[in-house]
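Please read them beside the coordinates.

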Amino acid sequence: MRLDEHSWTDARDADTRLALVPVGSTEQHGPHAPLGTDYMTAEAMAERAADRHDERVVVAPPIPVGVAEEHRAFDGTLWVTEDTLRAYVGDVLRSLAGHGFDRVVVVNGHGGNADALREVCARVTRDGDCRAVAYTWFDDLDTELPLGHGGPVETSAMLALRPGLVREERYPEAAEGGASSFGRYVAGTNVAYDFDEFTESGNVGDPTPASAEEGERLLDGAAEGVCAVLEAIR
């Protein structure tokens, strides 16, 4: 049940405590993939999970801007601070709980959000507002493809979801100007804070091995993971 596509009386009569909140980012994903990759994938995973769960599940509208200042040098990237994200998501969770949707999984599509989301879910749970848990799909991957950033995993997901937004002819540019790891490491310490310090294209990894078929498998796998977390808190 997409909350924003229904009336308030539908929400009143939904007869469920279960809700999903997709959270992502609007940030660069190399020259070939859309800025909205992270929130589009989070939204798709939440919707697939709601469709296959055996109880009705409310899906909140996606939160499209996250903690992404590390991508600030690349045009189009938007970001908020961790404090802002915690405050915003916390208010959304309390809003849902106020209408009886007090078992919530925050479906996270951006690694930079993970710490803040873990903290805010713990806070609202400890305060007794609702039972909330953050699920980050990168932590639940089952694939032989390297994750990277704008790499074959994320690109596969977008080929499955919105293939018209993926510029496959730009794969060589993404790979040639990309990095092989997240950061610049000296004595086990990452001395880089922002992506432009170690990648010219914004990429980490070569997107060339990506495929829509693998993307479908990854999206379905994440949906199963979300359902499992829903069961754990139901």
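1. The lining of the largest pocket divides by class into 9 nonpolar, 11 polar and 5 charged residues. Here Ala, Val, Leu, Ile, Met, Phe, Trp, Tyr, Cys and Pro count as nonpolar, Asp, Glu, Lys and Arg as charged, and the others, Gly among them, as polar. The model is predicted: local features need pLDDT of at least 70 and side-chain atom pairs pLDDT 80 or more, while totals for chains, interfaces and linings use all residues. Residues are numbered from 1 along each chain as its sequence is written, and side-chain values use heavy atoms, with hydrogens and water left out.

2. In total 25 residues line the largest pocket, and E70, G111, G112, F182 and F195 lie nearest its centre. A pocket is an open set of points on a 1 Å grid over the protein atoms alone, where a 1.4 Å probe fits, with protein on both sides within 12 Å along at least five of seven lines; lining residues have an atom within 4 Å of a point. The largest pocket holds about 360 Å³ of space, a volume being the space filled by probe spheres set on the points, which are joined across faces, edges and corners.

3. The second largest pocket holds about 190 Å³. Its lining has 13 residues, with R118, C121, A122, A132 and V133 nearest the centre. Helix α4 (114–126) and strand β4 (131–136) each supply at least two lining residues, and α4 gives the largest share, 7 residues. Helices (H or I, at least four residues) and strands (E, at least two) are DSSP runs numbered from the N terminus. By class, this lining has 7 nonpolar, 3 polar and 3 charged residues.

4. The axes of α5 (residues 152–161) and α7 (residues 212–233) come within 7 Å and cross at roughly 95°. Axes are lines fitted to C-alpha atoms over the stretch in contact, and angles run from 0 to 180 degrees between N-to-C directions. Helices α5 and α7 are therefore roughly perpendicular (65 to 115 degrees). Their contact (heavy atoms within 4.5 Å) includes V153 and L161 of α5 and A212 and L219 of α7. It has 8 nonpolar, 2 polar and 2 charged residues.

5. The chain has 7 helices and 6 strands, in the order α-β-α-β-α-β-α-β-α-α-β-β-α.

Key:
Parallel < 35°, antiparallel > 145°, perpendicular 65-115°, else oblique.
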